[in-house]
Amino acid sequence: REFAELPPPRRVPKVRPPPRKVLTSVTGVPQVSPEVLQRRLEFLLSPRAVQQQVEAPLRPGQWPAQPELEVWRQQMLEVRKIYRAQYLQKLAEVTEEERIKQEEIRLADRAERYERKQKIMQKIGEDKKRQAILMDRKRIERKVNEAIEMARKSKEKRRRLFWLRTADAAADYINKANVDERLVADSSETDRTAGEPGGYAQLPHVGKKTRVRLFDRNVS
């Protein structure tokens with residue numbers, strides 16, 4: 001009960017890996033054709049831009065150089081806008097190429113890691129299959145050995161039973177009814193054969209086809 005009341009182990013917090021940095025597309029790119037921007041830039045950098053400044057109309061209340069100055073300022077503003085638009089378009093193009101390359105590298109790395117993982121899982125699966133086959137083989141060999149050992153013991157048991165049955169069939173039991181006369185007959189036979197040349201007493205049943213005399217185990 002004390003063990004059941006113990007609180008579970010504290011879960012140690014793990015730091016999450018930093019998010020993968022992925023390039024994003026450039027926003028705010030002017031949707032203008034590069035050819036149009038290039039033509040406009042060539043016009044602003046050509047002598048025709050100077051002619052446009054000179055041909056600017058003079059309005060009432062302006063001094064003589066003011067229309068030319070205003071046209072020049074407008075042209076410089078357009079040049080800066082064109083340069084910025086070209087820069088953003090080129091940046092968006094390069095960023096898109098790098099983003100595609102990064103995505104391809106990420107997919108290739110992912111496929112390589114997946115293939116490596118599959119190889120490891122396949123190797124582990126082969127090891128498991130090999131272990132299972134080995135365990136089945138050991139189990140089969142154990143059962144075969146048990147069957148062989150059981151057959152050997154059964155054969156030995158049958159041999160012993162056959163020997164016991166043979167001995168039982170060839171035995172001449174001495175029971176309570178005839179124990180006195182059998183013992184007297186055996187003792188007289190032993191005394192008679194003890195004096196023969198040879199120095200030892202020969203049992204009457206040795207070397208002869210006689211019935212072996214045994215005591216009856218049924219003593220009830």
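Visitor: What percentage of the 220 residues in the chain do buried residues make up?
Guide: Keep in mind that this is a predicted model. Buried here means under 20% relative accessible area. Of the 220 residues in the chain, the share that is buried comes to 11%.

Visitor: In what order do the helices and strands run from the N terminus?
Guide: The chain holds four helices and two strands. Read from the N terminus on, the order of these elements is α-α-α-β-α-β.

Visitor: Which residues of helix 1 are buried, and why do they line one face of the helix?
Guide: Helix 1 spans residues 34-44, and its buried residues are Leu37, Leu41, Phe43 and Leu44. Looking down the helix axis, these buried residues fall within an arc of 160°, so they line one face of helix 1. Their cover includes helix 2 (47-54) and helix 3.

Visitor: Which residues does leucine 41 contact, leaving aside its neighbours within four places in sequence?
Guide: Leucine 41 is one of the buried residues of helix 1, and it belongs to the largest nonpolar core. With the neighbours within four places set aside, the contacts of leucine 41 are Val79, Ile82, Tyr83 and Gln86.

Visitor: Let's move to the salt bridges. How many does a search of the whole structure find?
Guide: One of them joins the side chains of aspartate 136 and arginine 139. Another links arginine 152 with glutamate 149. Searching the whole structure gives a total of ten.

Visitor: How far apart are N and O in the salt bridge of aspartate 136 and arginine 139?
Guide: Aspartate 136 and arginine 139 sit three residues apart in helix 3 (residues 66-170), so about one helical turn separates them. Aspartate 136 is partly exposed at 38% relative accessible area, and arginine 139 is partly exposed too, at 33%. The N to O distance in their salt bridge is 3.6 Å.

Visitor: What is the distance between the closest N and O atoms of arginine 152 and glutamate 149?
Guide: Both residues lie in helix 3, three residues apart, about one turn of the helix. Arginine 152 is partly exposed at 49% relative accessibility, while glutamate 149 is partly exposed at 31%. Their closest N and O atoms are separated by 2.4 Å.

Visitor: Which residues do salt bridges with shared partners join into one network?
Guide: Glutamate 156 and arginine 159 meet in a salt bridge, with N to O at 2.4 Å. These two residues lie three apart in helix 3, about one turn of the helix. Salt bridges that share partners make one network of Glu156, Arg159 and Arg160.

Visitor: Finally, which residues form a nonpolar patch on the surface?
Guide: Isoleucine 120, a residue of helix 3, is partly exposed at 47% relative accessibility. Patch residues need over 30% relative accessible area. The patch, with about 280 Å² of accessible area together, is formed by Ile120, Met121 and Ile124.

Notes: Residues are numbered from 1 along each chain as its sequence is written. This is a predicted model: local features need pLDDT of at least 70, side-chain atom pairs count only at pLDDT 80 or more; totals for chains, interfaces and linings use all residues. Side-chain values use heavy atoms; hydrogens and water are left out. A salt bridge is a side-chain nitrogen of Lys or Arg within 4 Å of a carboxyl oxygen of Asp or Glu. Buried means under 20% relative accessible area, exposed over 50%, partly exposed in between (1.4 Å probe, protein chains only). Patches are made of residues with over 30% relative accessible area and no salt bridge: like charges are joined within 9 Å, nonpolar side chains (Val, Leu, Ile, Met, Phe, Trp, Tyr) within 5 Å. Accessible areas come from the Shrake-Rupley method with a 1.4 Å probe; for residues, only the protein chains shown count as cover. The arc is that of the directions from the helix axis to the C-beta atoms. Contact means heavy atoms within 4.5 Å. A nonpolar core is a set of buried Ala, Val, Leu, Ile, Met, Phe, Trp, Tyr and Cys residues joined through side-chain atoms within 4.5 Å.
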